[in-house]
Amino acid sequence: MKTRNDTYLKDLPEGFLHRRDFLRLMGASIALAGLSGCGLRQPVEQIVPYVSGPEDRTEGAPLFYATATTHGGYALGTLVESHEFRPTKVEGNPLHPASLGASDIFSQASVLTLYDPDRSNNVLYQGQIDTYENFLIDLRRKRGNQQTKNGSGLRILTENITSPTLASQIEGLLKDFPAAGWHQYEPVNRDNERDGSMLAFGEAVETIYRFDQADVILLLDADPFADGPGRVRYARDFSKKRRVRKGIDSGMNRLYAVESSPTVTGSMADHRLAVRSADIEGLAGRLLLELTGNSSLPTSAPETKISEFIGLVGRDLIRNRGSSLVIAGRSQPASVHAIAHSLNALLGNVGNTVIYTEPVLANTVNNVESLRSLVADINAGKVEMLAIVGGNPAYDAPSDFFFSESLSNVAWTSHLSLYEDETSARCSWHIPLAHELESWGDARCFDGTASIIQPLIAPLYDGRSPHEFLAAFTENYVATGYEIVRGYWKTQNQDANSNNARDTNSKTDRSSKLPDSRANSAKAADGFEEGWQASLRNGLVANTAFQTKTVSVKADLWGQYLPPPAADPGSIEINFRPDPSIYDGRYSNNAWLQELPKPLTKLTWDNAVLMSPNLALQLGVNQEVGSTGGSHGTSIVEIVELKFDGKTVRAPVFAVRGHADESVTIHLGYGRTNAGEAGSGPGFNAYALRSSGAMWSASGLEITKTGETFSLACTQAHHSMEGRELVRHASLKEYKRDPTFAKREADDPAKQISLYPGWTYEGHAWAMSIDTSICNGCSACVVACQAENNIPVVGKEEVLRAREMHWIRVDTYFEDNAENSRTLHQPVPCQHCENAPCEIVCPVGATTHSAEGLNEMTYNRCVGTRYCSNNCPYKVRRFNFFGYADLETPVAQLQRNPQVTTRSRGVMEKCTYCVQRIQYAKINAETEGRELLDGEIVTACQQACPTEAIVFGDKNDKSSRVAKLKAEPTDYGLLADLNTRPRTTYLATIKNPNEDAQKE
Amino acid sequence: MSSIREPQIFALLAEFDRAEGIIAAANAARAAGFTDLHAYTPFAIEELSQILKTRRRDWIPAIVLAGAILGGLTGFFLQYYAAAISYPVNIGGRPPNSWEVFIPITFELTILGGAMIGALGLFIISGLPQLYHPVFTAPEFRRATQDAFFLSIEASDPNFNETSTQDFLRTLQPVNVIGILDSRTWRRPNIQHEDQN
Amino acid sequence: MQKETNNLGSDPVVEGQHSYDEISRRISDITLVRKTHLMWFAGFGVMFLFVMLLCYAIAKLLFDGIGIWGVNIPVAWGFAIANFVWWIGIGHAGTLISAILLLMNQKWRTSINRFAEAMTLFAVACAGLFPLLHLGRPYYFYWLLPYPNTMVLWPQFRSPLVWDVFAVFTYLAVSVVFWYIGMIPDLATLRDRARSNFTFRIFGILSLGWRGSAEHWHHYERLYLILAGLATPLVVSVHTVVSFDFAVAIVPGWHSTIFPPYFVAGAIFSGFAMVLTLAIPIRAAFRLKDLITMHHLENMAKVLIATGLIILYSYLSEFFFAYYSGDRFERYIVLDRMFGGYAFMYWLLIACNIVAPQLLWFRRLRRNVGFLFVLSLLVNVGMWTERYVIVVTSLHHDFMPSAWGMYSGTWWDYATLAGTVGLFFALMFLFVRLLPVISMAEMRKLIAPPNAKKEEA
């Protein structure tokens, strides 16, 4: 079966097109023939479709391939949908421990980067177009010189690496050139984690959290659900203990967050304390001392708010020994990480909610120090050859290193990157990097599990993978990525592979006995082949998760430790954080991420100086809504001048709820100059203020008003519900008192009078249920929807006019109750009302109701009166005021989902419940002559959601998940009192505040 | 094409300068037994249409009513057919025949039908447009649309006699009596006379 | 008769004594004899420039798309719809004057109905542009019409926009017929007073060979009266249907049962204001002060007060229902209008529509032509503002605060509005020059009795 399928794949002629795709692809292929010599083709090597992908290739049916995308070096297992060799959509890999089927905005958006027309497609030498062959020739010559001196002049600069193959390549390289050096740098690095574990355990370890075991969680400036290697998995695990369902009384977990600036994870907190980053160590330290008992300092500390909090958390943590969890964020200094380790040890969490393993990074070094030493060598003139593998240090290195200047002191520099970016511009050689979706590779995820990255398409722009690039420095300089990666895994222990072969889709099977090596070595070869196939099929190499490691906190670590006093309240603190959507700038040119409303701020296309409303008031900077767009669209804000250790930057101010006072946050990654069409320009460059001394936060920021104003494109600036019960919420206590607190009489269709008899829906009745208490606002659903439904990007100008096109949006409201403010997230897709107000007013019947209750848009019939949007109480309809869809750029066409129409100018569009997926599943079921199974149809937003907050299904099927959820007492319809009878309903948000808090 | 034969008298016109004059004259003529009477006035004079009982019956109201009913039925059944028979589809959970919302268009088309067909009726009944009529041959007649009132006795009237009828008309103190020849060629009134009155 | 005319008001309907011939001459000479005044060319020229601007704005719109306007999501309707409703409203006075006042046997309508009807046609023409232009794909406007097609697709008759199509078309058609039929006798007069072969032929054809036969007059009057009877409910229904565009929607601030009467009153209000705006210069320019008398102006002023009060009542009832219904959204919208982002527009409309007309209670002001003219302009502005407030404020802050937004017209929005104003006045200029501004036939009838009596005496 499999082989037939594979040979079939192999035998397809290059550029072969199925009839159905011919017309759609023709234009693109022709243009692409120009871009890369080959036109559209799958990679020459054999790639293997996902285990649960359709085995038989049918015309037009998409195939799924298991691979992985990396972010900050760590892998996220993905399934990539491919239409005739065109990867169009990235999904999570259910078998992969980091994903469990879910994904995040970065992996979702990676497919857009693959087809980015701005990506570098030429080898450059001194800025002139050149050939890879010439590069090799030049490299051989330079390499010759180095060989004579053990490569003392050779340096390699990479980002953080988990790829076993790449690591072994570098090791090999360092064997050939003993005097050479390997440096690693990423602007958003894990130095503090590393140093923290060094401090606590005397060695670097990987810390892995088990949120599904934790009842009480304390975050110290940490954002584990949006940032860091385990983000997707952690969000899922956390949600397991967050669901409140009728009958089931599994204890709901409680989340305490202490943070300077609002984060996705913090927005889930039951108790959230906003303090300056600098004060967090003091808080953590005092907590530690109180729990260890040797609390020398007086309990009544100056700031009562903090000591209250400490008391509250402390008691709760102790109450939940063994099932509590303390997490320090990457922006906190090593000492805070050490404190977190100690607290977890103290509370007996190690082994339960926290486990330690060997570092997943191939070689954990302090990035800043590593780069510092490189710069030192360069300035000392020791460096003759510098190979920069990925990354963009010229842009994002600490400003006090003057890295880009020092680059000019190196005779021979080469830079491998996706774009001709700031660094490429300063290197003698620039080599286009092949995208992960078009090259072979491998990477490990947060728990060490390795995945083979298999290409879905031959390089569009003739790029080279890091493996091939590094191979160029060795004797075997023509080795292909495939040979290198496969070669590496051949050398690895066979048992993993052969086990793998035995049970194709189980990473969990750790217990399987290792066969003794002699017996094994015989069938090693074929064992490997099967294992290799299985690894590709499953998207992970079995049994590569790291074993738990027992480490103990150094004794007398806190002997005479005194927590630092609260920082001087006078001086304002500056915080540097990775941007929620474009991270450290590596995604600058990804328009989906640029236009994605950033969680909590809902800003697009810009970064800003985030500060608390109080501070804004204090500084006298105000913020008003623009006449067009306004509270949804333009926010007219003031530009201030930031002065921090001698450097100044002008930036717009944006006030956000829940930010610590006397503290501002600026996001990295903006102010790019060589990013591409979308990336160059927007925002200001925060790296200009960032120095090796103040990588994450420091005090002593001066802010001066300039009086100038700036327009920020913000898709939601009104964060109060105005007393309208849009997100209904209660505490767990209130819920237990009255589980039906979210029900309203007016919402009940039975009680609503109507002129007409209702319409009855036999057969399927598609419906959706969204649990707002586990939605953390990560917005993966928004990008997933954009990718699935060919939703165009409109650009900042149009967002300013409130014309963004996202079919699903995540509304965020801040509701104050008693002491702390609740942050409520509410994803709003089309509600598919049974009495749809939009349909009645359409003069041409372009939006109608299907027999299965879908509110359907007939784009061809729409004349664009926009009456439907006016009459939509949820405002989920989107209009093509201009021809937003890019129909010119050929390569952009390749990403399009062939099953979804691209909309033209003057046409209304909106969420369809992914009708194409519904039809596809129905057709499959019909051809296989069976009933549709519940869960067989998964909408794009649902599939992406890390917390499984979105559930779709047939509500007429009483056994379906969605039907069960709608039967929950907390189920309610948004604005249902309008008698719209929405098919999308919500489960009310339930928070779990500590009862002690209310007492005080 | 114009014939060479001796032109026949078509009608005799008596001109009056006041509404009262022509009303009185019309009464007198009717009393004298003239049947084929016509009056031409610069504005509507309701009494006249009573006195010289119009030959055709008063059809306008009936025509308008018919048009209105036709329009109304068209209006409703057009919608009913489209929404309930031709292509019924679930619109916002409303039944295909949601007749309540069909009312506005039904009403509008009722009015439209009535007005349009009524207007058509007027033209048909009064034989308009009719760019030629023998009375136009008299230069004086131009003032029928301005300030002159004409009573005409047409030759087709049994009691008509060119001389006696003229004498009769003169007894009604008209401003002037004019004979209209039944010629097929209508001289365009000579505009030089414009200022004589 | 004599008594009746005196009872009509402080002034006679027409001042002084007139003979039939004089009426005919004076009115028809405006068209036939009087040589075009330089001011006419100046005025028409300016308006023509605005028409060119309109063409430019429309071309730009068709090339670049609706995005050049300020509309967005939440506020997907803006200027276009406000302008549409405003123009339709203005278009109501004409038919109202000629039809309803005719039925009420209000003699004073005679001297103003002709150009009031013309005004109606031109206003409706301007109004008709907007529903087409505001479409995302204007070239498919005909999909709103029922016509047999292979796809068996029909308009969606539950949509008020389809009702609009029928209502506006019917209104335009009936108004044209009413206007033309009313003009036939006068066209005949023009034919018979023609001084050149050309004008003679033109008016000859237009008048269809009307010869004022008593029998024709009979049918004519019958039909005219019936048409008036039809036009009266029509005129009410049209703005009712227009108000349904809003009342049928569930948007707070739109979804209100008061809308139909409220809109009709508003229409009459703005319509009469526009008639004043036109009548005052026309009677001055063509020396018709004795035909369009102080009496007419004062009556119209009185209608303004009356309708203005109805509008005030509508506003008050909106507040009351917002309060009484206890509906959170309705209440919010009322407050938002008064104190929200568009408070200025709201108070402007209150000042123009409610406060200003109250001055008409003073007889001296009612009889002050200059004041009336300024006031009529104010009311026109106020009514446009009202449409704007209704359309925009209701949408910009509706149900979901997360989707709240603001709206403001772009340069192109203003250009299009100005363009239609230009179109309207350009057409008016052509009308007063080429067709009889006052119905001569009806004038003659009006002056007949006194004139006759005088001669007897």
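1. The side chain of Glu468(A) reaches the backbone nitrogen of Gly481(A) at 3.0 Å, a polar contact (N or O atoms within 3.5 Å, and within protein one must be able to donate a hydrogen and the other to accept it, with residues adjacent in sequence counted only if both atoms are side-chain atoms). The model is predicted: local features need pLDDT of at least 70 and side-chain atom pairs pLDDT 80 or more, while totals for chains, interfaces and linings use all residues. Residues are numbered from 1 along each chain as its sequence is written, chains are lettered from A and ligands numbered from 1 in the order in which they are written, and side-chain values use heavy atoms, with hydrogens and water left out.

2. Glu468(A) sits in helix α14 (residues 466-471) of chain A; helices here are DSSP runs of H or I with at least four residues, strands are runs of E with at least two, and both are numbered from the N terminus. Glu468(A) is buried but has no salt bridge, and the nearest side chain of opposite charge, Arg464(A), is 5.0 Å away. Buried means under 20% relative accessible area, exposed over 50%, and partly exposed in between (1.4 Å probe, protein chains only). A salt bridge needs a side-chain nitrogen of Lys or Arg within 4 Å of a carboxyl oxygen of Asp or Glu. For charge, Lys and Arg count as positive and Asp and Glu as negative, with His and the chain ends not counted. Leaving aside residues up to four places away in sequence, Glu468(A) touches Tyr132(A), Gly463(A), Ala479(A), Thr480(A), Gly481(A) and Ile484(A), contact being heavy atoms within 4.5 Å.

3. Over all chains the count is 66 salt bridges. One of them joins Arg272(A) and Glu259(A), with the closest N and O atoms 2.6 Å apart. Arg272(A) is in strand β11 (residues 271-274) of chain A and Glu259(A) in strand β10 (residues 254-259) of chain A, so the pair ties together parts 13 residues apart in sequence. Glu259(A) counts as buried because its relative accessibility is 1%.

4. Asp584(A) and Arg586(A) form another salt bridge, the closest N and O atoms being 2.9 Å apart. Asp584(A) is buried at 3% relative accessible area, whereas Arg586(A) is partly exposed at 26%. Salt bridges that share partners also join Lys89(A), Glu91(A), Glu788(A) and Arg917(A) into one network.

5. In chain C, Ala441(C) belongs to helix α16 (residues 440-456) and is buried, with 7% relative accessibility. Beyond residues up to four places away in sequence, Ala441(C) touches Pro42(B), Phe43(B), Pro185(C), Asp186(C) and Trp217(C).

6. Thr232(C) lies in helix α8 (residues 214-247) of chain C and counts as buried at 17% relative accessibility. Thr232(C) and Leu96(C) are 136 residues apart in sequence but 6.7 Å apart from C-alpha to C-alpha. With residues up to four places away in sequence left out, Thr232(C) touches Ala99(C), Ile100(C) and Leu103(C).

7. The largest nonpolar core has 375 residues, and those touching the most other members include Leu386(A), Leu151(B) and Phe115(C). Helix α6 (residues 160-192) of chain C gives the most to this core, with 18 residues. A second, separate core of 64 residues includes Ala75(A) and Ile453(A). A nonpolar core is a set of buried Ala, Val, Leu, Ile, Met, Phe, Trp, Tyr and Cys residues joined through side-chain atoms within 4.5 Å.
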